Amino acid sequence: MGLLSEPVDTTSHYQPPLIAKLLHKLPHYNITFHRIANTTFRPTDAVYLESLGILGSVPAALLIVSLFGLLLYLMTRCCDRKPRPAHSIKSLKITLSIVTVLCCAAIGLGLYGNDDLHNGLLEVLTAGRKVDNLVSSVRNQTHILEHTLAMKIRPQLVELADIFDQPASNQTALSQLILALNVVQGNVTIAINAAGDIRRPLMGILMSGFLNTGDQWELIRWPGTVAILALLLVLCAVLLVGVARHSRCALILFSVCGLLAVTGSWLMSGIYLSTSVAVGDLCIDPAEYLASEAPSELPTDVLLYYTQCESVRSNPFTQRLRESQNAINNARSAMSTVAKVSQVLFKSAGLQPKLGAVSADLNLSERLLTQLTALVDCKAIHFNYLTAARGLCEGGLLGLVLMLIASFIAAILLTVMVWVDSHTWIYIRKRNDYSQVEEPSYISHQPPQNHHQTMARQMPRNHNGPPAISGSHTLAHAGRKHHEMMAHQHAHHGTMRPMGTHTLGRLPSHNHSPNHMPGPNNGKYATLSKQCKTLEANDFY
């Protein structure tokens, strides 16, 4: 009886929410772009499905337009290699940061809507399981009632009829006994038939398979959506890091992955739009859709009784329940007559155990009918129906619309981010590339000596001599040039030593004076003056 402990509000009725009405008013067009008149939820109708597909193709068309625009932009920028000053992309980086933060907010809105949709679907599935348990309980109760009447009471009545076929001293009392026994058997048959009439329409209502499938899909959809939105957040974080660190690699990574994100966001917008419109059409009148999908064995008035639960509508099972109740009462009254007469006519037959078992089974049948009367009442089922309808059409539909808005905004912002990001990383090169924009003017104002030294540093190394390292090579090269210029001047004026030897060139090789000691140049190089330092081998290192 725990199923009947739910709070029941029979005065409230389902009213479609405003958001469902707005979605239902959206125009529905078929493949030939003619507006269809019947916009009720009909998932098996091809024309209705075409209208949902047309609505879902609108974001897909926007995706194609955005990708085409990005393609045109990249075609215009692919050959633009002109260096830009560093401050030229500062505004782009600020724009990227602002748009990325807004995109993160849109993704957060999508996470909030996904949670609302999840909670709404959980309410639908939970209420659906309670309704399924109630229907199963009615089927089980009627089955137990039929089994008790047909498999327990009826065989015992047959055994009693066999005993009563024996000769008796009082034929009038025997006739009365047999008549009372027939009344019991007839009422038992009526009760069995009434129980079967209650159970038979409910045999086609099997909700467990649909509910299990819904649980499995929701178990995949909810964490899957969270994972996709989390990946978008990570992608936005990569872009922010790339903007903050001026990382061309991170910006290129976002530009590539951003195209996938833009495509997925636009496609998800189309799916959410079609689904939202379909749920909005369903939420206008859920009872009508349930009536159209009900099994053929279930009468329409039965479904309307449980979905509306109005006082003007009578319980469709009341008549059969009353028949069963009256039949059980009549059978029990007739059974008391059978017990009195049989104990007088057949004292030695041992009828007391059999008569007691039949009376006990009749009492059990009466209790089963009492429980069945409470189960078939509309209050408990109507409460769960309202819970499921409101969970789907209020909380769930609101969450779905929030996800639609979030995916649409995120798709637009991601498109803008990919455009601006592509415009940014194209002009990001090495760190010193921006200084090269003003380098010509800087070189033109350098003194000639500094320019000469700068060019000297770029001279290749002499492979026949010792390796030149940084400043040493520069000093040696400058000293050598100075010596050559001085030597040229002295040779031009014919400057001679007093002894007749030239100041430049090798020292005389015939000077073998014992007092002569070779100089630090080992006799290979002459000094120009006392102020000029003689070049040594160590000067190259």
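Visitor: Is isoleucine 405 buried, exposed or partly exposed?
Guide: In this predicted model, isoleucine 405 has a relative accessible area of 39%, so the residue counts as partly exposed.

Visitor: Where does isoleucine 405 lie?
Guide: Isoleucine 405 lies in helix H11. Isoleucine 405 also belongs to a nonpolar surface patch of about 500 Å², together with Val58, Leu62, Phe408, Ile409, Ile412 and Val416.

Visitor: Which helix gives the largest share of the nonpolar patch?
Guide: The largest share comes from H11, with five residues. Helix H2 (46-77) and H11 each supply at least two residues.

Visitor: Let us step back. How many helices and strands has the chain?
Guide: There are 14 helices and zero strands. Of the 541 residues in the chain, 35% are buried.

Visitor: What share of the contacts comes from residues 24 or more positions apart?
Guide: Among contacts with a separation of 6 or more, 84% are between residues 24 or more positions apart.

Visitor: On to the cysteines. How many disulfides does the structure hold?
Guide: The structure holds two disulfides. One joins cysteine 283 to cysteine 393, with an S to S distance of 1.9 Å. Cysteine 283 is in helix H6 and cysteine 393 is in helix H11, so this pair ties together parts that are 110 residues apart in sequence.

Visitor: Is that disulfide of cysteine 283 and cysteine 393 left-handed or right-handed?
Guide: The torsion about its S-S bond is about -90°, so the disulfide of cysteine 283 and cysteine 393 is left-handed. Cysteine 283 is buried at 0% relative accessibility, and cysteine 393 is buried at 1%.

Visitor: Which cysteine forms a disulfide with cysteine 309?
Guide: Cysteine 309 is bonded to cysteine 378, and their sulfur atoms are 2.1 Å apart. The pair links distant parts of the chain, 69 residues apart: cysteine 309 is in the loop between helix H8 (300-308) and H9, and cysteine 378 is in helix H11. The torsion about the S-S bond of cysteine 309 and cysteine 378 is about 55°, so this disulfide is right-handed.

Visitor: Is cysteine 309 buried or exposed?
Guide: Cysteine 309 counts as buried, at 7% relative accessibility. Cysteine 378 is buried as well, with a relative accessible area of 5%.

Visitor: What is the pairing when the bonded cysteines are numbered in sequence order?
Guide: The pairing is 1-4, 2-3.

Visitor: Cysteine 236 is in H5, I gather. Which residues of H5 are buried?
Guide: Cysteine 236 is one of the buried residues of H5, along with Leu211, Glu218, Thr225, Leu229, Leu232, Leu235, Leu239, Gly242 and Val243. Their cover includes H3, helix H6 (248-284) and helix H11 (378-425).

Visitor: How many residues has helix H5, and how far does it reach?
Guide: Helix H5 (residues 208-245) has 38 residues and reaches 55 Å from its first C-alpha to its last, close to the 56 Å expected at 1.5 Å a residue. Just after H5, histidine 246 takes a positive phi of about 55°.

Visitor: What span should helix H10 have?
Guide: Helix H10 (residues 352-375) has 24 residues, so at 1.5 Å a residue H10 should span 34 Å; its end C-alpha atoms are 35 Å apart, which agrees.

Visitor: What do the buried residues of H10 pack against?
Guide: They pack against helix H3 (90-164), helix H4 (171-199) and helix H9 (318-345). The buried residues of H10 include Leu355, Val358, Asp361, Leu362, Ser365 and Glu366. As a general point, an α-helix has 3.6 residues a turn, so residues three or four places apart point the same way.

Technical notes
Residues numbered from 1 in each chain as written. Predicted model: local features only at pLDDT ≥ 70, side-chain atom pairs only at ≥ 80, totals over all residues. Heavy atoms only, no water. Helix = DSSP H or I, 4+ residues; strand = E, 2+ residues; numbered from the N terminus. Expected span 1.5 Å × (residues − 1). Buried < 20%, exposed > 50% of the residue type's maximum accessible area, 1.4 Å probe, protein only. Contact = heavy atoms within 4.5 Å. Disulfide = S-S within 2.5 Å. Patch = residues over 30% accessible without salt bridge, like charges linked within 9 Å, V, L, I, M, F, W, Y side chains within 5 Å. Areas by Shrake-Rupley, 256 points an atom, 1.4 Å probe, with all protein chains shown as cover. Salt bridge = Lys/Arg side-chain N within 4 Å of Asp/Glu carboxyl O.
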